[in-house]
Amino acid sequence: MPTAVLWFRRDLRLTDHPALLAAIEAAGPDGSVLPVFVFDDRIYGPAGDPRRAFLLDCLADLREQTGGALVFRTGDPAQVLPRLVEELGAGSVHLTADAGPYGRQRDTAVEQALGDVPFVRTGSPYLVAPGRVVKNDGTPFKVFTPFTRAWREHGWHAPAPRPDDVPWATGVRSDDPPPRPELDGVRLPPAGEAAGLDAWAHFRDERLLGYAEGRNTPGTNGTSRLSAYLKYGCVHPRTLVADLAAHDDGGESVRRYTDELAWRDFYADVLWHRPDSARAYLKPELQSMAYDSGPHADELLEAWRTGRTGFPIIDAGMRQMLGEAYVHNRVRMIVASFLVKDLHQEWTVGAKVFMEHLVDGDLASNQHGWQWVAGTGTDSSPYYRVFNPVTQGKKFDPDGTYVKQWVPELRDLDPKYVHEPWTAPGGIPAGYPAPIVDHAHERLVSLDRYNAVRAQ
(Lines give C-alpha, C1' and ligand atoms only; values in the text may rest on other atoms or scores of the structure.)
Protein backbone atom coordinates (compact mmCIF):
# COMPACT_ATOMS: atom_id res chain seq x y z
CA MET A 1 0.00 0.00 0.00
CA PRO A 2 1.61 3.30 -1.07
CA THR A 3 2.10 5.93 1.64
CA ALA A 4 2.34 9.68 1.18
CA VAL A 5 3.91 11.69 4.00
CA LEU A 6 2.21 14.99 4.88
CA TRP A 7 4.64 17.25 6.73
CA PHE A 8 2.75 19.80 8.82
CA ARG A 9 4.39 23.10 9.72
CA ARG A 10 2.43 26.39 9.63
CA ASP A 11 -0.74 24.70 8.36
CA LEU A 12 -2.23 22.99 11.41
CA ARG A 13 -5.70 22.35 10.00
CA LEU A 14 -7.60 20.02 7.69
CA THR A 15 -9.91 22.60 6.03
CA ASP A 16 -8.62 24.45 2.95
CA HIS A 17 -5.36 22.50 2.91
CA PRO A 18 -4.18 21.93 -0.70
CA ALA A 19 -1.12 19.90 0.37
CA LEU A 20 -3.41 17.46 2.19
CA LEU A 21 -5.46 16.98 -0.98
CA ALA A 22 -2.26 16.44 -2.98
CA ALA A 23 -1.09 13.82 -0.49
CA ILE A 24 -4.42 11.96 -0.67
CA GLU A 25 -4.22 11.94 -4.47
CA ALA A 26 -0.63 10.71 -4.42
CA ALA A 27 -1.50 7.90 -2.00
CA GLY A 28 -4.19 6.65 -4.37
CA PRO A 29 -7.35 4.67 -3.57
CA ASP A 30 -5.47 1.89 -1.77
CA GLY A 31 -2.86 4.04 -0.03
CA SER A 32 -2.60 6.08 3.13
CA VAL A 33 -1.37 9.47 4.33
CA LEU A 34 1.00 9.77 7.27
CA PRO A 35 0.75 13.15 9.05
CA VAL A 36 3.99 14.19 10.74
CA PHE A 37 5.28 17.19 12.65
CA VAL A 38 9.01 17.58 13.26
CA PHE A 39 10.23 19.44 16.32
CA ASP A 40 13.15 21.29 14.77
CA ASP A 41 15.25 23.01 17.43
CA ARG A 42 16.27 25.71 14.96
CA ILE A 43 12.63 26.89 15.11
CA TYR A 44 11.25 25.49 18.35
CA GLY A 45 14.27 26.45 20.43
CA PRO A 46 14.24 30.24 19.91
CA ALA A 47 10.45 30.53 20.24
CA GLY A 48 9.17 32.11 23.43
CA ASP A 49 7.18 30.04 25.91
CA PRO A 50 3.76 31.39 24.80
CA ARG A 51 4.38 30.32 21.21
CA ARG A 52 5.69 26.92 22.30
CA ALA A 53 2.67 26.35 24.51
CA PHE A 54 0.18 27.45 21.86
CA LEU A 55 1.90 25.31 19.22
CA LEU A 56 1.73 22.25 21.46
CA ASP A 57 -1.95 22.92 22.14
CA CYS A 58 -2.62 23.24 18.40
CA LEU A 59 -0.76 20.01 17.73
CA ALA A 60 -2.79 18.21 20.39
CA ASP A 61 -5.94 19.41 18.62
CA LEU A 62 -4.60 18.33 15.23
CA ARG A 63 -3.66 14.91 16.57
CA GLU A 64 -7.24 14.51 17.76
CA GLN A 65 -8.53 15.59 14.34
CA THR A 66 -6.40 12.92 12.68
CA GLY A 67 -7.74 10.22 14.98
CA GLY A 68 -4.41 9.97 16.78
CA ALA A 69 -2.45 9.40 13.56
CA LEU A 70 -0.28 12.53 13.80
CA VAL A 71 3.32 11.43 14.36
CA PHE A 72 5.91 13.54 16.16
CA ARG A 73 9.61 13.30 15.40
CA THR A 74 12.44 15.40 16.81
CA GLY A 75 15.62 16.57 15.13
CA ASP A 76 16.98 18.02 11.90
CA PRO A 77 14.26 17.54 9.23
CA ALA A 78 16.94 16.83 6.61
CA GLN A 79 17.80 13.71 8.61
CA VAL A 80 14.43 12.89 10.17
CA LEU A 81 12.28 12.86 7.03
CA PRO A 82 14.53 10.68 4.84
CA ARG A 83 14.68 8.13 7.70
CA LEU A 84 10.89 8.24 8.03
CA VAL A 85 10.43 7.78 4.28
CA GLU A 86 12.77 4.78 4.33
CA GLU A 87 11.01 3.34 7.38
CA LEU A 88 7.63 3.52 5.64
CA GLY A 89 8.69 2.94 2.08
CA ALA A 90 6.81 6.18 1.36
CA GLY A 91 6.46 7.33 -2.21
CA SER A 92 6.33 11.11 -1.69
CA VAL A 93 6.50 13.93 0.86
CA HIS A 94 3.92 16.72 0.71
CA LEU A 95 4.00 20.11 2.39
CA THR A 96 2.85 23.70 2.26
CA ALA A 97 5.66 25.91 0.95
CA ASP A 98 7.62 27.96 3.51
CA ALA A 99 8.66 31.48 2.52
CA GLY A 100 10.87 32.28 5.52
CA PRO A 101 14.67 32.51 5.21
CA TYR A 102 15.44 29.46 7.33
CA GLY A 103 12.43 27.53 6.06
CA ARG A 104 13.52 27.88 2.47
CA GLN A 105 17.04 26.67 3.28
CA ARG A 106 15.70 23.79 5.37
CA ASP A 107 13.27 22.65 2.68
CA THR A 108 15.99 22.69 0.04
CA ALA A 109 18.16 20.55 2.31
CA VAL A 110 15.32 18.07 2.90
CA GLU A 111 14.55 17.89 -0.82
CA GLN A 112 18.18 17.14 -1.61
CA ALA A 113 18.41 14.54 1.16
CA LEU A 114 15.32 12.73 -0.18
CA GLY A 115 17.00 12.16 -3.54
CA ASP A 116 14.52 10.66 -6.00
CA VAL A 117 11.54 10.75 -3.62
CA PRO A 118 9.20 13.53 -4.80
CA PHE A 119 9.12 16.53 -2.46
CA VAL A 120 5.90 18.30 -3.37
CA ARG A 121 5.17 21.89 -2.27
CA THR A 122 1.49 22.81 -2.65
CA GLY A 123 0.07 26.14 -1.55
CA SER A 124 1.43 28.67 0.93
CA PRO A 125 0.30 30.27 4.21
CA TYR A 126 -0.59 33.46 2.34
CA LEU A 127 -3.31 34.65 -0.01
CA VAL A 128 -0.67 35.24 -2.66
CA ALA A 129 2.62 33.37 -2.30
CA PRO A 130 5.59 35.69 -1.65
CA GLY A 131 7.46 36.59 -4.81
CA ARG A 132 4.41 36.33 -7.09
CA VAL A 133 3.40 40.01 -7.08
CA VAL A 134 6.03 42.13 -8.82
CA LYS A 135 6.21 45.31 -10.85
CA ASN A 136 5.99 45.26 -14.62
CA ASP A 137 9.78 45.17 -14.81
CA GLY A 138 9.93 42.14 -12.53
CA THR A 139 11.30 43.97 -9.49
CA PRO A 140 9.61 43.75 -6.08
CA PHE A 141 7.33 46.40 -4.66
CA LYS A 142 8.81 48.48 -1.86
CA VAL A 143 5.68 50.45 -0.92
CA PHE A 144 2.48 48.98 0.46
CA THR A 145 -0.16 50.87 -1.55
CA PRO A 146 1.01 49.90 -5.07
CA PHE A 147 1.73 46.37 -3.82
CA THR A 148 -1.81 46.06 -2.53
CA ARG A 149 -3.26 47.32 -5.80
CA ALA A 150 -1.30 44.69 -7.76
CA TRP A 151 -2.05 42.08 -5.08
CA ARG A 152 -5.79 42.58 -5.46
CA GLU A 153 -5.49 42.45 -9.25
CA HIS A 154 -3.50 39.20 -9.00
CA GLY A 155 -6.21 37.58 -6.89
CA TRP A 156 -6.17 34.20 -5.16
CA HIS A 157 -7.73 30.77 -5.32
CA ALA A 158 -11.02 29.87 -3.71
CA PRO A 159 -10.72 27.81 -0.51
CA ALA A 160 -9.91 24.16 -1.09
CA PRO A 161 -12.57 21.67 0.08
CA ARG A 162 -12.11 19.72 3.28
CA PRO A 163 -11.86 16.01 2.44
CA ASP A 164 -14.75 13.90 3.66
CA ASP A 165 -12.44 11.11 4.70
CA VAL A 166 -8.65 10.81 4.93
CA PRO A 167 -6.97 7.39 4.87
CA TRP A 168 -4.57 8.15 7.72
CA ALA A 169 -1.68 5.76 8.22
CA THR A 170 -1.66 4.36 11.75
CA GLY A 171 0.65 2.38 13.97
CA VAL A 172 3.76 4.42 13.19
CA ARG A 173 6.15 5.13 16.05
CA SER A 174 5.95 8.67 17.44
CA ASP A 175 8.29 10.60 19.70
CA ASP A 176 6.85 12.29 22.74
CA PRO A 177 6.32 16.04 22.25
CA PRO A 178 8.37 18.41 24.41
CA PRO A 179 6.84 19.27 27.79
CA ARG A 180 4.45 22.20 27.66
CA PRO A 181 6.04 25.32 29.20
CA GLU A 182 4.59 26.59 32.44
CA LEU A 183 3.09 30.00 31.78
CA ASP A 184 2.89 32.08 34.93
CA GLY A 185 -0.46 33.83 34.67
CA VAL A 186 -0.44 34.13 30.87
CA ARG A 187 -3.86 33.54 29.29
CA LEU A 188 -3.57 32.08 25.81
CA PRO A 189 -6.46 31.81 23.35
CA PRO A 190 -8.06 28.41 22.83
CA ALA A 191 -5.98 26.47 20.33
CA GLY A 192 -6.70 24.66 17.09
CA GLU A 193 -8.70 24.85 13.90
CA ALA A 194 -12.19 24.78 15.43
CA ALA A 195 -11.25 27.52 17.89
CA GLY A 196 -9.87 29.68 15.07
CA LEU A 197 -12.96 29.23 12.93
CA ASP A 198 -15.16 29.98 15.93
CA ALA A 199 -13.21 33.18 16.67
CA TRP A 200 -13.61 34.22 13.04
CA ALA A 201 -17.36 33.51 13.04
CA HIS A 202 -17.90 35.62 16.16
CA PHE A 203 -15.92 38.51 14.72
CA ARG A 204 -17.58 38.27 11.31
CA ASP A 205 -21.11 38.19 12.72
CA GLU A 206 -20.71 40.60 15.63
CA ARG A 207 -17.85 43.06 14.99
CA LEU A 208 -16.84 43.09 11.34
CA LEU A 209 -19.10 45.96 10.28
CA GLY A 210 -17.64 48.18 13.02
CA TYR A 211 -14.04 47.21 12.31
CA ALA A 212 -13.04 50.44 10.54
CA GLU A 213 -13.51 52.35 13.79
CA GLY A 214 -13.07 49.56 16.35
CA ARG A 215 -9.64 48.48 15.13
CA ASN A 216 -8.08 51.66 16.58
CA THR A 217 -9.57 51.55 20.07
CA PRO A 218 -7.82 49.02 22.31
CA GLY A 219 -10.40 49.48 25.05
CA THR A 220 -13.09 47.88 22.88
CA ASN A 221 -13.32 44.34 21.51
CA GLY A 222 -13.03 45.62 17.96
CA THR A 223 -10.49 43.33 16.30
CA SER A 224 -10.63 39.71 15.19
CA ARG A 225 -7.78 38.39 17.38
CA LEU A 226 -6.98 35.87 14.63
CA SER A 227 -3.27 36.60 14.37
CA ALA A 228 -2.17 33.52 16.34
CA TYR A 229 -4.44 31.27 14.28
CA LEU A 230 -3.04 32.72 11.06
CA LYS A 231 0.50 32.39 12.38
CA TYR A 232 0.13 28.62 12.80
CA GLY A 233 -2.26 28.07 9.93
CA CYS A 234 -5.19 26.92 12.06
CA VAL A 235 -7.16 29.10 9.63
CA HIS A 236 -6.09 30.05 6.11
CA PRO A 237 -6.69 33.66 4.99
CA ARG A 238 -8.54 32.32 1.93
CA THR A 239 -11.28 31.20 4.28
CA LEU A 240 -11.51 34.73 5.64
CA VAL A 241 -11.63 36.57 2.32
CA ALA A 242 -14.27 34.18 0.99
CA ASP A 243 -16.45 35.17 3.95
CA LEU A 244 -15.53 38.83 3.52
CA ALA A 245 -16.73 38.72 -0.07
CA ALA A 246 -20.06 37.35 1.08
CA HIS A 247 -20.41 40.10 3.70
CA ASP A 248 -19.09 43.00 1.62
CA ASP A 249 -21.72 45.72 1.61
CA GLY A 250 -19.35 48.23 0.06
CA GLY A 251 -18.44 49.64 3.46
CA GLU A 252 -15.07 50.64 4.81
CA SER A 253 -14.71 47.83 7.35
CA VAL A 254 -14.37 44.96 4.85
CA ARG A 255 -11.78 46.91 2.88
CA ARG A 256 -9.84 47.74 6.03
CA TYR A 257 -9.78 44.14 7.18
CA THR A 258 -8.66 42.95 3.76
CA ASP A 259 -5.88 45.55 3.93
CA GLU A 260 -4.65 43.94 7.15
CA LEU A 261 -4.34 40.63 5.31
CA ALA A 262 -2.53 42.51 2.55
CA TRP A 263 -0.02 43.86 5.10
CA ARG A 264 0.65 40.27 6.17
CA ASP A 265 1.32 39.24 2.57
CA PHE A 266 3.35 42.38 1.90
CA TYR A 267 5.74 41.85 4.79
CA ALA A 268 6.17 38.20 3.81
CA ASP A 269 6.96 39.37 0.28
CA VAL A 270 9.55 41.85 1.57
CA LEU A 271 11.22 39.08 3.57
CA TRP A 272 11.15 36.79 0.53
CA HIS A 273 13.09 39.30 -1.56
CA ARG A 274 15.25 40.56 1.33
CA PRO A 275 15.77 37.67 3.76
CA ASP A 276 18.47 39.69 5.48
CA SER A 277 15.81 42.19 6.61
CA ALA A 278 14.87 39.89 9.48
CA ARG A 279 17.90 41.33 11.24
CA ALA A 280 19.34 44.04 8.97
CA TYR A 281 18.05 47.53 8.23
CA LEU A 282 16.11 47.91 5.00
CA LYS A 283 17.30 51.53 5.07
CA PRO A 284 20.94 51.12 6.04
CA GLU A 285 21.50 54.89 6.18
CA LEU A 286 19.99 54.88 9.68
CA GLN A 287 22.21 52.07 10.94
CA SER A 288 24.73 54.56 12.32
CA MET A 289 22.14 56.16 14.60
CA ALA A 290 23.41 56.60 18.17
CA TYR A 291 21.62 54.46 20.78
CA ASP A 292 21.86 54.36 24.57
CA SER A 293 23.61 51.66 26.59
CA GLY A 294 24.91 51.13 30.10
CA PRO A 295 23.27 50.50 33.48
CA HIS A 296 20.80 53.40 33.34
CA ALA A 297 19.67 52.45 29.83
CA ASP A 298 19.24 48.87 31.03
CA GLU A 299 17.05 50.08 33.91
CA LEU A 300 14.85 52.04 31.51
CA LEU A 301 14.58 49.04 29.20
CA GLU A 302 13.50 46.84 32.11
CA ALA A 303 10.87 49.40 33.10
CA TRP A 304 9.52 49.24 29.54
CA ARG A 305 9.58 45.44 29.47
CA THR A 306 7.62 45.19 32.73
CA GLY A 307 5.13 48.03 32.18
CA ARG A 308 6.59 50.40 34.77
CA THR A 309 7.42 53.48 32.67
CA GLY A 310 4.91 55.87 34.27
CA PHE A 311 3.22 56.40 30.91
CA PRO A 312 -0.15 54.62 31.23
CA ILE A 313 -0.75 53.62 27.58
CA ILE A 314 2.79 52.19 27.39
CA ASP A 315 2.43 50.27 30.63
CA ALA A 316 -1.01 48.96 29.68
CA GLY A 317 0.35 47.62 26.39
CA MET A 318 3.35 45.91 27.92
CA ARG A 319 1.25 44.42 30.73
CA GLN A 320 -1.24 43.14 28.18
CA MET A 321 1.65 41.38 26.45
CA LEU A 322 2.76 39.81 29.72
CA GLY A 323 -0.82 38.81 30.59
CA GLU A 324 -2.18 37.63 27.24
CA ALA A 325 0.92 37.17 25.04
CA TYR A 326 -0.81 39.67 22.76
CA VAL A 327 -0.88 43.45 22.24
CA HIS A 328 -3.44 45.48 20.32
CA ASN A 329 -1.88 46.55 17.01
CA ARG A 330 -2.33 50.30 17.60
CA VAL A 331 -0.64 49.94 20.97
CA ARG A 332 2.21 47.92 19.44
CA MET A 333 3.12 50.98 17.39
CA ILE A 334 2.94 53.29 20.41
CA VAL A 335 5.10 51.13 22.69
CA ALA A 336 7.58 50.54 19.85
CA SER A 337 7.95 54.25 19.18
CA PHE A 338 8.52 54.85 22.90
CA LEU A 339 11.32 52.29 23.06
CA VAL A 340 13.11 53.54 19.95
CA LYS A 341 12.59 57.28 20.28
CA ASP A 342 12.10 57.95 24.00
CA LEU A 343 14.45 55.31 25.39
CA HIS A 344 16.81 55.37 22.38
CA GLN A 345 17.04 51.62 21.92
CA GLU A 346 17.66 49.93 18.58
CA TRP A 347 14.54 48.44 16.98
CA THR A 348 16.09 44.97 17.08
CA VAL A 349 15.96 45.07 20.89
CA GLY A 350 12.20 45.56 20.93
CA ALA A 351 11.62 43.10 18.10
CA LYS A 352 13.37 40.40 20.14
CA VAL A 353 11.22 41.14 23.22
CA PHE A 354 8.05 40.88 21.15
CA MET A 355 9.12 37.56 19.62
CA GLU A 356 9.87 36.25 23.10
CA HIS A 357 6.45 37.09 24.52
CA LEU A 358 3.87 37.25 21.72
CA VAL A 359 1.84 34.16 20.90
CA ASP A 360 1.39 35.52 17.36
CA GLY A 361 5.07 36.38 16.92
CA ASP A 362 5.64 36.20 13.16
CA LEU A 363 9.11 36.95 11.82
CA ALA A 364 8.05 38.92 8.73
CA SER A 365 5.28 40.96 10.34
CA ASN A 366 7.11 41.57 13.62
CA GLN A 367 10.48 42.61 12.23
CA HIS A 368 9.07 44.82 9.51
CA GLY A 369 6.50 46.35 11.85
CA TRP A 370 9.34 47.41 14.11
CA GLN A 371 11.30 48.75 11.14
CA TRP A 372 8.22 50.75 10.10
CA VAL A 373 8.13 52.48 13.48
CA ALA A 374 11.89 53.00 13.56
CA GLY A 375 11.88 54.62 10.11
CA THR A 376 14.32 52.02 8.78
CA GLY A 377 11.99 49.83 6.76
CA THR A 378 10.03 49.78 3.55
CA ASP A 379 7.03 52.11 3.40
CA SER A 380 8.09 53.26 6.84
CA SER A 381 6.87 56.00 9.11
CA PRO A 382 9.45 58.80 8.90
CA TYR A 383 11.91 58.68 11.78
CA TYR A 384 10.96 62.21 12.78
CA ARG A 385 7.40 61.07 13.48
CA VAL A 386 7.53 60.49 17.23
CA PHE A 387 4.40 59.24 18.98
CA ASN A 388 3.51 61.23 22.10
CA PRO A 389 2.36 58.57 24.61
CA VAL A 390 -0.01 60.98 26.36
CA THR A 391 -1.79 62.28 23.26
CA GLN A 392 -1.88 58.80 21.74
CA GLY A 393 -3.53 57.50 24.88
CA LYS A 394 -6.10 60.28 24.92
CA LYS A 395 -6.87 59.80 21.24
CA PHE A 396 -7.29 56.03 21.14
CA ASP A 397 -8.34 55.29 24.73
CA PRO A 398 -10.27 58.47 25.58
CA ASP A 399 -12.12 57.13 28.60
CA GLY A 400 -9.17 55.12 29.89
CA THR A 401 -10.92 51.76 29.56
CA TYR A 402 -7.85 49.98 28.19
CA VAL A 403 -5.46 51.56 30.70
CA LYS A 404 -7.70 50.76 33.65
CA GLN A 405 -8.01 47.14 32.52
CA TRP A 406 -4.27 46.58 32.62
CA VAL A 407 -3.04 49.16 35.15
CA PRO A 408 -5.10 48.58 38.30
CA GLU A 409 -3.24 51.34 40.17
CA LEU A 410 -5.13 53.85 38.01
CA ARG A 411 -8.63 52.34 38.10
CA ASP A 412 -10.00 54.87 40.57
CA LEU A 413 -8.78 57.92 38.62
CA ASP A 414 -11.15 60.25 36.84
CA PRO A 415 -10.76 59.48 33.09
CA LYS A 416 -9.52 63.01 32.43
CA TYR A 417 -6.40 62.23 34.50
CA VAL A 418 -5.82 58.61 33.55
CA HIS A 419 -3.28 59.35 30.81
CA GLU A 420 -1.51 61.99 32.91
CA PRO A 421 -1.81 60.69 36.47
CA TRP A 422 0.78 63.18 37.68
CA THR A 423 -1.80 65.92 37.09
CA ALA A 424 -4.47 64.32 39.30
CA PRO A 425 -5.51 66.41 42.36
CA GLY A 426 -4.06 63.86 44.75
CA GLY A 427 -0.96 63.23 42.64
CA ILE A 428 0.16 59.91 41.23
CA PRO A 429 -1.77 57.03 42.85
CA ALA A 430 0.18 54.89 45.30
CA GLY A 431 2.15 52.11 43.69
CA TYR A 432 2.35 53.66 40.24
CA PRO A 433 5.70 55.08 39.08
CA ALA A 434 6.41 58.62 37.96
CA PRO A 435 7.37 58.98 34.27
CA ILE A 436 10.85 57.58 33.75
CA VAL A 437 11.73 60.15 31.06
CA ASP A 438 10.68 63.60 29.89
CA HIS A 439 9.04 62.84 26.54
CA ALA A 440 9.48 66.36 25.13
CA HIS A 441 13.20 66.26 25.89
CA GLU A 442 13.74 62.73 24.54
CA ARG A 443 11.90 63.65 21.35
CA LEU A 444 14.44 66.42 20.74
CA VAL A 445 17.31 64.06 21.50
CA SER A 446 15.99 61.61 18.90
CA LEU A 447 15.58 64.33 16.28
CA ASP A 448 19.09 65.62 16.95
CA ARG A 449 20.50 62.14 16.47
CA TYR A 450 18.47 61.69 13.30
CA ASN A 451 19.72 65.01 11.89
CA ALA A 452 23.30 64.01 12.73
CA VAL A 453 22.90 60.83 10.68
CA ARG A 454 21.36 62.74 7.77
CA ALA A 455 24.30 65.16 7.80
CA GLN A 456 26.85 62.38 7.34
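Where is the place of His344? In this predicted model, His344 lies in the loop between α14, residues 329-342, and α15, residues 347-357.

His344 has a relative accessibility of 3%, and because the cut-off for buried is under 20%, His344 counts as buried. Its side chain has two polar partners to go through. One is the backbone oxygen of Asp342, which the side chain of His344 reaches at 3.5 Å. Another is the side chain of Ser446, with a polar contact at 3.3 Å. If we set aside neighbours within four places in sequence, the residues in contact with His344 are Tyr291, Asp292, Leu339, Glu442, Val445, Ser446 and Arg449.

Next, a glycine in another loop. Gly426 sits between α18, residues 401-406, and α19, residues 439-454. Is Gly426 buried or exposed? Gly426 is exposed, with a relative accessible area of 74%.

Last, helix α6, which covers residues 144-154. Which residues of α6 are buried? They are Phe144, Phe147, Thr148, Ala150 and Trp151. On spacing, an α-helix has 3.6 residues a turn, so residues three or four places apart point the same way. The buried residues of α6 pack against α11, residues 252-273. After α6 comes Gly155, and the phi of Gly155 is positive, near 75 degrees.

That's what I have; please go ahead with questions.

Key
Residues numbered from 1 in each chain as written. Predicted model: local features only at pLDDT ≥ 70, side-chain atom pairs only at ≥ 80, totals over all residues. Heavy atoms only, no water. Buried < 20%, exposed > 50% of the residue type's maximum accessible area, 1.4 Å probe, protein only. Helix = DSSP H or I, 4+ residues; strand = E, 2+ residues; numbered from the N terminus. Contact = heavy atoms within 4.5 Å. Polar contact = N/O pair within 3.5 Å; in protein donor to acceptor, adjacent residues only side chain to side chain.
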